[in-house]
Amino acid sequence: SLGIKPARADVTHDRYTPGLHHVAWAAESRDDVDRLYAELLRIGARVLDAPADYPQYGKGYYAVFFADPDGLKFEYVHVPGQTSG
């Protein structure tokens with residue numbers, strides 16, 4: 001599971017300052033990426049980039065990008081031949 005809560009301070013995360021840029025984790029399939037995207041839309045999450053192929057990141061790279069309420073960027077990605085496990 002993944003818990004996302006608002007920050008205790010009134011500051012938006014800036015991934016281009018020192019610190020965490022974004023969090024990514026591997027999906028077992030493209031369908032898993034699409035299912036997460038549907039859930040993000042259902043809960044009204046801020047989707048940064050809908051599921052798409054990103055060949056510039058590698059062959060078969062398919063991902064969705066979204067942000068938490070404080071602007072922290074998340075990526076859920078499927079790359080054929082790579083597993084989350």
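Three salt bridges occur in this predicted model. A salt bridge here is a side-chain nitrogen of Lys or Arg within 4 Å of a carboxyl oxygen of Asp or Glu. The model is predicted, and local features need pLDDT of at least 70, side-chain atom pairs count only at pLDDT 80 or more, while totals for chains, interfaces and linings use all residues. Residues are numbered from 1 along each chain as its sequence is written, and side-chain values use heavy atoms, with hydrogens and water left out.

| Salt bridge | N to O distance |
|---|---|
| Arg-30 and Asp-53 | 2.7 Å |
| Asp-32 and Arg-35 | 2.4 Å |
| Arg-42 and Glu-39 | 2.7 Å |

Arg-30 and Asp-53 pair through their side chains. Helices (H or I, at least four residues) and strands (E, at least two) are DSSP runs, numbered from the N terminus.

Asp-32 and Arg-35 both belong to helix H1. They are three residues apart, about one turn of the helix. Arg-42 and Glu-39 are likewise three residues apart in helix H1, so about one helical turn separates them.

Next, accessibility. Buried means under 20% relative accessible area, exposed over 50%, and partly exposed in between (1.4 Å probe, protein chains only). Arg-30 is partly exposed at 36%. Arg-42 is exposed at 62%, whereas Glu-39 is partly exposed at 33%.
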